[in-house]
Amino acid sequence: MHHVEEEMFVILEGTGRYRFGTTIYDVEAGDVLGAPCGGPEYAHKLTNTGSTTLKYLAVSTKADTDVCEYPDSGKFAVGTRSKGQVGGFRFIGRAVDPLDYWDGEPDSAL
């Protein structure tokens with residue numbers, strides 16, 4: 001699930017399953033799927049279930065900054081895009097060793 005970016009998928013060829021929250025939908029060519037940002041009820045996953053390639057067009061709001069959570073695997077991703085510049089920031093991980101805000105920072109009294 002995305003916290004900022006919204007997505008839409010247009011199924012062009014093939015068949016698949018679209019998980020949206022806790023509901024699973026069978027999809028085929030011509031279907032249009034929405035994926036707004038939000039909480040766990042908007043987690044989504046598109047999976048090919050056919051014997052041919054599932055082809056789809058993905059359209060997004062392409063936010064400059066986004067946070068994604070992967071509820072099945074407990075991962076999260078944080079990323080930024082730099083406008084007009086090469087680079088940005090991207091991190092994918094799990095919150096297994098959270099740190100305090102001041103961890104590793106120099107003494108603030110100096």
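Strands here are DSSP runs of E, at least two residues long, numbered from the N terminus. What you're looking at is a predicted model, and its mean pLDDT is 91.

**Confidence**
- Of the protein's residues, 94% reach a pLDDT of 70 or more.
- Strand β1 (residues 7-13) comes out highest, at 98, while β9 is where confidence is lowest, with a mean of 90.

**The open sheet**
- β7, β8 and β9 line up in that order as an open sheet of three strands, with antiparallel pairing.
- The edges belong to β7 (65-70) and β9 (88-93), each of which pairs on one side only.
- From one strand to the next, the twist averages 10°.
- β7 and β8 (residues 75-81) run antiparallel and are joined by six bridges.

**The nonpolar patch**
- M8, L12, V32, L57 and V59 together make a nonpolar surface patch of about 420 Å².
- Two elements, β1 and β6 (55-60), each give two or more residues to this patch.
- V32, another patch member, sits in strand β4 (residues 32-35).
- V32 has a relative accessible area of 53%, so it counts as exposed, the cut-off being over 50%.

**Salt bridges**
- Searching the whole structure turns up four salt bridges, and three of them are worth a look here.
- K55 and E13 make one of them, with their closest N and O atoms 3.9 Å apart.
- Because K55 is in strand β6 and E13 in strand β1, this pair ties together parts that lie 42 residues apart in sequence.
- Both ends are partly exposed: K55 has 41% relative accessibility, and E13 has a relative accessible area of 42%.
- D72 and R19 meet through their side chains at 2.9 Å, N to O.
- That pair also links distant parts of the chain, as D72 is in the loop between β7 and β8, R19 is in strand β2, and 53 residues separate them.
- D72 is exposed, at 58% relative accessibility.
- D26 and R17 form a salt bridge too, at 3.3 Å from N to O.
- D26 is exposed, with a relative accessible area of 61%, whereas R17 is partly exposed at 43%.

**More on R17**
- You'll find R17 in strand β2 (residues 15-20).
- Its C-alpha atom is separated by 15 Å from that of A58, a residue 41 positions away along the chain.

- For background, most residues other than glycine have a negative phi.

Terms used: Residues numbered from 1 in each chain as written. Predicted model: local features only at pLDDT ≥ 70, side-chain atom pairs only at ≥ 80, totals over all residues. Heavy atoms only, no water. Pairing = 2+ DSSP bridges. Helix = DSSP H or I, 4+ residues; strand = E, 2+ residues; numbered from the N terminus. Axes fitted to C-alpha atoms, helices over the stretch in contact; angles between N-to-C directions. pLDDT = per-residue confidence, 0-100. Patch = residues over 30% accessible without salt bridge, like charges linked within 9 Å, V, L, I, M, F, W, Y side chains within 5 Å. Areas by Shrake-Rupley, 256 points an atom, 1.4 Å probe, with all protein chains shown as cover. Buried < 20%, exposed > 50% of the residue type's maximum accessible area, 1.4 Å probe, protein only.
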